[in-house]
Amino acid sequence: MRGLAKSMLTTLSVFMRPPVTRNYPNVHRPLPERDRAFPLLLWDKDIDEPFCTGCHACERACPVECMTVLMKDNPNHKSVGGTSSRRKIIDKFWIDYARCMRCNVCVEVCNFDAIAMNNTWSGHETAVHDRKDLVMDLPQLLALSRGGAIQEWVPVLGKANEA
Amino acid sequence: MPTHLLGLNTWLDGLVRVLLVVLLMTVTAMLLIWAERKLLGRFQARIGPQRTGPFGLLQSVADALKLIGKEDLRPRNADAWTFELGPYLVFVPIFLGFVVQPFMAGFHIRMLDLGILYFVAVSSVSIVGWVMAGWGSDNRYAMLGGLRSAAQSISYELPFVLSLLSVALLAGSLNIDDIVVGQAGVPNIVWQPLAFMIFFIAALAELNRAPFDIPVGESEVVGGPFVEYSGIRWSMFFLGEYAGLFITGVFVSAMFLGGYAWPFGLQLGIGFQLLLTALKASLLIFLVIWIRGSMPRLRIDQLMGYSWKVLLPLALAQVVVNGFVLVYGLPRIVLTIVGLAGVVFLVWVTERAVRRPRVPRPAAVALGSEAAS
Amino acid sequence: MVTESAHEFETRDLLLNVGPQHPSTHGVFRMVMQVDGEVVRDVIPYVGYLHRGAEKLCETMDYRQGIGFMDRTEYLASMNAELSYVMAVEAIADLQVPDRAQWIRMILVELNRISSHLMFMGAFGVDAGIIGTPMIYGWREREAIIDLFEEITGDRMMFAYFRPGGLAWDVPTNFAARVQEVIAAVKQGIKDLDGLLTYNEVFLARTQGIGVISAADAIDFGMSGPSIRASGVHLDIRRDEPYLKYSEIDWNVITATEGDVFARYNCRLQEMWESVRMVEQCLDRLEPGLIMPEKMPRMLRTPPGEVYVRTEAPRGEYGIYLVSKGGNRPYRLKVRSACLSNLQALKQMSVGQYVADAILVLGSIDIVLGEVDR
């Protein structure tokens with residue numbers, strides 16, 4: 001019975017410590033900078049257009065084929081009197097959040113740093129009533145960055161810390 | 001309690017008492033469910049219910065409302081009478097056992113001269129209810145659970161009754177009030193430590209609580225005899241279990257810890273007596289919940305072997321020693337000495353049943369240098 | 001099936017279906033037990049409920065895309081699964097992994113081993129009968145480890161952090177301090193679990209002497225990991241075929257002799273202590289440096305060849321057999337699953353035991369269905 005007494009003393013010592021419950025959803029714990037929820041597109045504030053040019057690199061790289069990308073000629077390009085140096089710009093972009101497996105490959109292959117993973121709580125709280133609502137279109141994907149509400153973290157592949 | 005409440009005639013008086021029992025037991029069971037969830041939560045490093053009402057106190061009410069709203073299902077091939085009467089036979093006998101519990105001097109529903117006999121007889125009727133629930137559900141898991149429960153309850157009845165018998169021998173009466181009043185000077189646990197331990201273990205087994213909760217082993221037979229029940233019928237089992245827990249708390253404190261009489265209960269009036277009863281019952285209930293949070297469950301054959309081979313012989317020995325001391329007029333301290341020796345023996349036997357764990361020895365020897373097969 | 005005993009009674013065995021939805025099958029796993037009273041006479045396991053075609057899918061993925069799929073086979077010890085995969089690619093493509101990446105890989109792999117064993121403690125305690133307490137004690141510390149992984153890799157379970165050649169990105173600058181915090185919390189958690197379970201007489205009565213498998217039988221079934229070390233076989237791939245930097249630090253292989261359920265549990269508990277020691281030593285040896293070889297191509301192409309690489313996952317030998325015909329995708333990728341081989345011994349270990357013990361035996365093999373079914 002001494003073993004039973006030891007078990008009971010262990011549970012009593014845990015009883016005396018404060019509980020480890022976090023009171024979600026009243027309290028959201030702070031997410032780390034590198035947290036990786038679903039992908040979203042970034043907005044170029046200086047020129048007021050998306051970074052994404054619709055080059056299909058991420059669409060090809062995605063293992064589960066969750067993206068559909070369409071590009072168009074940029075109406076804001078310098079050659080037609082605009083301010084941007086991007087000849088093509090994104091026209092339509094759909095990401096199916098239900099298929100995305102958050103593997104980060106799209107972020108790594110993007111040549112323009114135009115796509116990043118959402119590291120805020122809105123990326124985790126994506127419950128909807130109908131599965132069709134999980135297919136995000138371009139305005140929805142640009143919304144967070146356009147509103148300035150995100151501090152994205154885009155890693156440089158294979159780069160070591162400075163000593 | 002006065003013999004006739006409010007001067008009513010006998011039948012109405014009885015009806016009022018019965019309603020009092022039902023009300024008190026339901027409220028107590030709901031309170032105990034809340035207390036268990038909170039306490040188990042703290043043992044497990046978490047908070048229990050906290051949102052429904054202040055401190056989650058209304059959680060049991062919310063659960064009861066939800067259960068009332070559920071559909072009352074019955075499997076098509078289930079035996080209608082057995083299935084539907086089973087839950088009633090589980091919790092009604094426990095409510096009946098409430099009748100002889102001593103809360104304060106003079107305040108009980110009806111104190112019977114054969115109090116202990118009545119209590120034991122009535123609480124064992126719930127075994128029939130478990131078997132009916134198990135058989136009537138037309139489900140293999142339920143049948144397994146029901147049979148296990150019956151075997152367990154029957155095995156632990158004997159140490160249960162024998163330890164009560166040793167207390168009754170000391171007091172010379174089966175009337176629970178007499179036993180409590182007789183402990184005004186010294187509680188019975190001083191004279192009968194072994195009987196207390198045996199009774200506590202047997203009471204845990206009778207209540208189907210950990211470590212003896214194999215009939216309701218959630219991870220094996222997924223609920224045992226309850227598995228086909230839903231809604232209010234299902235809640236009747238739990239009402240019975242928690243009401244039984246409350247009754248056990250009060251009963252054990254009455255039998256062994258002095259009830260409302262020790263210390264100074266009889267001199268300081270009924271307020272203090274109620275406080276004493278509440279305190280002792282709460283302590284025992286806390287102990288039972290603490291045990292539930294700390295121990296795995298025993299297998300059915302280990303459980304029955306423990307009862308028949310360890311608890312029963314020791315309980316018999318306790319009764320025989322009591323008899324010797326009373327007949328030959330030996331001083332009562334002999335009881336304490338023999339009781340403590342018995343407790344040490346019980347602990348030793350329980351430990352001897354398992355091997356002490358050996359720390360596995362770390363080996364830095366490579367595979368090739370030892371024959372692997 | 002009708003069995004006759006003593007001429008008067010004719011008893012019939014009961015077919016008890018455990019799963020696929022059941023609190024103690026650790027995933028979608030189905031067993032049909034033929035039970036005579038309470039004694040198990042036969043166990044027929046049915047696997048395949050979680051088959052997702054991971055191996056075939058990887059044939060259409062290049063080497064970076066496939067890492068996500070390897071995570072999802074052994075989802076409780078994803079670092080180990082990724083490690084086998086990237087080591088196989090490195091072996092075929094002949095890549096040299098820098099030292100810093102090796103040490104960081106070791107730390108993460110051992111932390112993942114601790115978190116996997118903590119998960120085992122939780123599930124096993126619930127099987128034994130304490131509802132909730134060992135689960136929360138184990139998960140409280142697992143939460144600390146997983147929070148650390150989230151800070152490093154971004155994800156709590158499917159890390160996709162290792163790449164052929166090294167790591168995807170470097171660890172944050174407060175890595176050493178964070179690992180020390182996690183180790184301190186983990187030590188307290190292992191102490192709690194140890195005090196709760198190992199000496200408890202009821203737990204010992206439930207787990208000693210049941211589910212015994214002898215060393216010879218275990219080798220015949222091809223078992224590996226703590227399940228076989230508990231039967232007395234001194235087999236640990238980290239020592240016998242050292243990879244990463246295991247030959248450069250001081251650690252012990254934990255074995256036991258009884259081969260019963262308690263020995264398997266105890267081996268895992270002691271392994272957690274060993275992993276803690278290993279992580280502390282690796283932290284001391286960690287130095288700044290590269291995490292990927294210089295001049296890594298954007299799209300890795302491997303020469304033709306085939307290789308079999310195995311590592312010691314928490315559950316046993318997790319092997320990857322990779323066949324490449326040139327190009328950036330595998331021609332054939334086969335996952336040698338530790339749990340599937342360990343599971344074959346289930347019938348031998350359970351027949352003759354009681355139903356309650358058979359559940360405990362299944363729990364003690366510690367299966368994760370993602371790996372069994374891939």
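Biologist: Which residues touch the most other members of the largest nonpolar core?

Modeller: A nonpolar core is a set of buried Ala, Val, Leu, Ile, Met, Phe, Trp, Tyr and Cys residues joined through side-chain atoms within 4.5 Å. Buried means under 20% relative accessible area, exposed over 50%, partly exposed in between (1.4 Å probe, protein chains only). Here the largest core has 157 residues, and F93(A), M33(C), L111(C) and Y161(C) touch the most other members. Helix α4 of chain C (residues 99-128) gives the most to this core, with 15 residues. Helices are DSSP runs of H or I with at least four residues, and strands are runs of E with at least two, numbered from the N terminus. A second, separate core has 84 residues, including I179(B) and I291(B).

Biologist: How should I read the numbering and the values?

Modeller: Residues count from 1 along each chain as its sequence is written, and chains are lettered from A, ligands numbered from 1, in the order written. This is a predicted model, where local features need pLDDT of at least 70, side-chain atom pairs count only at pLDDT 80 or more, and totals for chains, interfaces and linings use all residues, while side-chain values use heavy atoms, leaving out hydrogens and water.

Biologist: What does F93(A) touch?

Modeller: Contact means heavy atoms within 4.5 Å. Not counting residues up to four places away in sequence, the contacts of F93(A) include L41(A), C52(A), M67(A) and L138(A).

Biologist: How are two packed helices described?

Modeller: By the angle between their axes and the distance between the axes. Axes are lines fitted to C-alpha atoms, for helices over the stretch in contact, with angles from 0 to 180 degrees between N-to-C directions. In this model α1(A) (residues 2-16) and α6(C) (residues 175-198) pack at about 145°, with axes 7 Å apart. On the α1(A) side, K6(A), S7(A), T10(A), T11(A) and V14(A) meet D192(C), G195(C) and L196(C) of α6(C).

Biologist: Why is helix α5 of chain B largely enclosed?

Modeller: Because 8 of its 11 residues (126-136) are buried, α5(B) is largely enclosed by the rest of the structure. Among the buried ones are I127(B), W130(B) and M132(B). Just after α5(B), D138(B) takes a positive phi of about 55°.

Biologist: In what order do the strands of the chain C sheet lie?

Modeller: Two strands pair if DSSP finds at least two bridges between them. The 3 strands form an open, antiparallel sheet in the order β9-β10-β11. β9(C) and β10(C) (residues 316-324) are joined by 9 bridges, and T311(C) stands opposite Y318(C) in β10(C).
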